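Subject: Structure for you to look at

Hello,

Here is the structure I promised. Please open it next to this email and follow along.

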Amino acid sequence: MEKLLYTRSEALTKTPTHYCPGCTHGIIHRLIAEVLVELDLMGDALGVCPVGCSALAYKYFNIDMYQAAHGRAPAVATGAKRSTPDKFVFTYQGDGDLASIGTAEIIQAAHRGERISTIFVNNAIYGMTGGQMAPTTLVGQKTTTSPYGRDEAWSGKPLRMSEIFATIDGAKFVERVAVDTPAHIRQAKKAIKACFEVQLNDEGFGIVEVLSTCPTNWGLPPVEATKWLKDNLIPYYPLGNFRNTKGDE
C-alpha cells in the first residue's frame with residue numbers, strides 16, 4: 001500500500017498560480033496555509049495582499065482576502081483588525097511594496113504595535129512590474145533600472161528591514177528565513193507559526209522576512225536562482241531571529 005506523503009492544504013484553493021517557474025512564492029503560500037490549518041484559523045483569518053507578485057493571492061488562499069493599494073496593506077490590515085479584533089489578520093507583501101512605497105505604512109504599524117502579522121517576501125527586485133531596482137537590490141546587482149549594477153554612491157546600500165524592525169518596541173517578533181533548502185523551509189514554517197501566535201496572544205506586531213527567488217527577473221534558471229540566493233542574498237541578509245519578546249524574557 002502506497003503511503004500518502006503530501007496533500008494540498010485545505011487553506012489553498014485548486015486555482016493554478018500565475019507565478020513563474022522556479023519562483024518560491026508557491027512554497028511560502030503552502031507554509032502559510034499549513035500554519036493557518038494547524039492553528040485552526042481558517043474560519044477567522046483575513047489576508048491582505050497589495051500590488052505586486054502577491055496581487056492575486058486572494059485566488060490562492062481559501063480564506064477571506066482583501067486587495068490593497070500598493071504599499072497600503074498595513075493600513076488596510078489595521079482597519080480590519082481594529083474593526084474586527086476577533087479576526088486573525090495578516091499581510092503578504094513583497095520588498096518593492098513593503099520597503100519602498102509602503103515603508104511608512106509598515107514602520108508605523110509596527111511602531112503602534114498593531115495586532116497584525118506580516119509575511120515579507122524579499123527577492124531583491126521588483127518582480128511584477130518589470131524587474132526594476134528595489135530598496136533591497138544588492139550593490140552591483142543588475143536590474144532594468146540599474147543595467148550596470150546598483151551603485152552604492154548613487155543609490156546607497158540595500159535596506160535590511162528585519163534589523164530596522166528589531167529596534168521598534170511595538171514589533172514583538174522579527175525573524176528572517178529563506179526557502180532555498182528543505183531545512184530552511186522547515187525553519188520558515190516554524191517562524192511563521194511563532195509569528196502568528198504572537199497575534200493570537202495579543203502581544204503586538206509580528207513579521208517574518210522570507211528570502212525568495214525571482215528567476216525571471218534575475219535572468220537565471222530556477223536551480224541557479226536558488227544557488228544565487230544562497231551565495232548572495234543570505235550573506236547580506238543573514239538568517240535568524242532578531243526580536244522575540246518571549247525569548248528576551
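Which residue forms a salt bridge with E34? The partner is R30, and the closest N and O atoms are 3.2 Å apart. A salt bridge here is a side-chain nitrogen of Lys or Arg within 4 Å of a carboxyl oxygen of Asp or Glu.

Two notes before the rest. This is a predicted model, in which local features need pLDDT of at least 70 and side-chain atom pairs count only at pLDDT 80 or more, while totals for chains, interfaces and linings use all residues. Residues are numbered from 1 along each chain as its sequence is written, and side-chain values use heavy atoms, with hydrogens and water left out.

**Salt bridges**

Back to E34 and R30. They sit four residues apart in helix α1 (residues 25-38), so about one helical turn separates them. Helices (H or I, at least four residues) and strands (E, at least two) are DSSP runs, numbered from the N terminus. E34 counts as buried, at 16% relative accessibility. R30 is partly exposed, with a relative accessible area of 23%. Buried means under 20% relative accessible area, exposed over 50%, and partly exposed in between (1.4 Å probe, protein chains only).

The whole structure has 13 salt bridges. Another one joins R115 and D202, with the closest N and O atoms 3.2 Å apart. R115 lies in the loop between α4 (103-112) and β4 (117-122), and D202 in the loop between α7 and β6 (205-211), so the pair ties together parts that are 87 residues apart in sequence. R115 is partly exposed, at 31% relative accessibility.

E163 and R176 form one too, at 2.6 Å between the closest N and O atoms. E163 is in helix α6 (residues 161-165) and R176 is in strand β5, so this pair ties together parts 13 residues apart in sequence. E163 is partly exposed at 24%. R176 is buried at 1%. Shared partners also join R30, E34, E38, K189 and K193 into one network of salt bridges.

**A buried charge**

Now find D180. It lies in the loop between β5 (171-178) and α7 (182-200). D180 is buried yet has no salt bridge. The nearest side chain of opposite charge is K230, 6.6 Å away. (Lys and Arg count as positive and Asp and Glu as negative; His and the chain ends are not counted.) Leaving aside neighbours within four places in sequence, D180 is in contact (heavy atoms within 4.5 Å) with T226, L229, K230 and I234.

**Strand β1**

Five of the five residues of β1 (residues 45-49) are buried, so the strand is largely enclosed by the rest of the structure. A45, G47 and C49 point one way, and L46 and V48 the other way. Two strands pair if DSSP finds at least two bridges between them. β1 pairs in the parallel sense with β3 (residues 88-94) over four bridges. β1 also pairs in the parallel sense with β2 (residues 64-67) over four bridges. G47 stands opposite F90 in β3 and opposite M65 in β2.

**Aromatic rings**

How many aromatic pairs does the structure hold? There are eight. Y236 and Y237 have ring centres 4.9 Å apart and planes at 85°, so the pair is edge-to-face. Rings of Phe, Tyr and Trp (its six-membered ring) pair if their centres lie within 6.5 Å; planes under 30 degrees apart count as stacked, over 60 as edge-to-face and the rest as tilted. F61, F88, F90 and F196 form one aromatic cluster.

Best wishes
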